Amino acid sequence: LPENEACLRLPGIDGKAKMSKSLGNCIYLSDPEEEVKKKIMSMFTDPDHIRIEDPGKLEGNTVFTYLDAFSNQKNLDELKAHYKRGGLGDVKVKKFLNNVVQEELSPIRARRKEYEKHIEDVYDILKKGSEVAKEEAAKTLAEVKHAMKIDYFDTAEFLDEQKKKYN
C-alpha cells in the first residue's frame, strides 16, 4: 500500500475514528469488489454538501482523505477544487474513489487467489516465519535481560559469583 502521510492513519468509513475491525468501519483487503463498493458508497462526506451546487468541504471528508491516500491522479487537485466551489456531487466522487481503491486492491486479490490454491505452502511459509521470529525474540529477550542485569541463570559467571559469596 502507499506509504504517503494520508495512508498512515486512515479514518474509518464512518469518519468518526481510525479504521478499526472492532468498530466495523473498515475496508478489508479481502473484501470482494461489491462489498468495497457498498462501503465506499456509504462513506461519510461533508454533511453540509446537500445539493450538488453547494460548495463542499474537504476537511473531515473521509472520501477525500482516502483519495489523498490512494490516488496518484494528477487531476485530484482539480477534483478537489471543483468539489469546493460546488457543482460536483458526493456520488460522483465516491465512484471515482471506488475505481481508485478497486485498482489498488486488484493485484492483492489476484495474489490472494493464487495463495488460496496453495494453502499448504502458505502454512509452511508461516511456520518457517514463526520459527525465525521465535529465534529473534529469544535473542532480543536475552539482550534486554543482560542490559537490565537480570540474566542470572544464563551465564556461569553468576553461579560462580554466588558460590564465592556463600562459601
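Close-up 1: Helices here are DSSP runs (H or I, at least four residues), numbered from the N terminus. This is a predicted model, so to speak: local features need pLDDT of at least 70, side-chain atom pairs count only at pLDDT 80 or more, and totals for chains, interfaces and linings use all residues. Residues are numbered from 1 along each chain as its sequence is written, and side-chain values use heavy atoms, with hydrogens and water left out. Helix α4 spans residues 76-85, and its buried residues (under 20% relative accessible area, 1.4 Å probe, protein chains only) are Leu76, Leu79, Lys80 and Tyr83. Looking down the α4 axis, these fall within an arc of 100° (taken from the directions from the helix axis to the C-beta atoms), so they line one face of the helix. Asp77 and Arg85, on the other side of α4, are exposed, meaning over 50%. The cover over the buried residues includes α3 (62-70) and α5 (90-117).

**Close-up 2: Where α3 meets α5.** In α3, Val63, Phe64, Tyr66, Leu67 and Phe70 meet Val93, Lys94, Phe96, Leu97, Val100 and Glu104 of α5; contact means heavy atoms within 4.5 Å. By class, that contact has 9 nonpolar, no polar and 2 charged residues.

**Close-up 3: Lysine 39 in α2.** Lysine 39 sits in helix α2 (residues 33-41) and counts as buried, at 12% relative accessibility. Leaving aside residues up to four places away in sequence, lysine 39 touches Ile13, Cys26, Ile27, Tyr28 and Asp31.

How values were computed
Helix = DSSP H or I, 4+ residues; strand = E, 2+ residues; numbered from the N terminus. Nonpolar A, V, L, I, M, F, W, Y, C, P; charged D, E, K, R; others polar.
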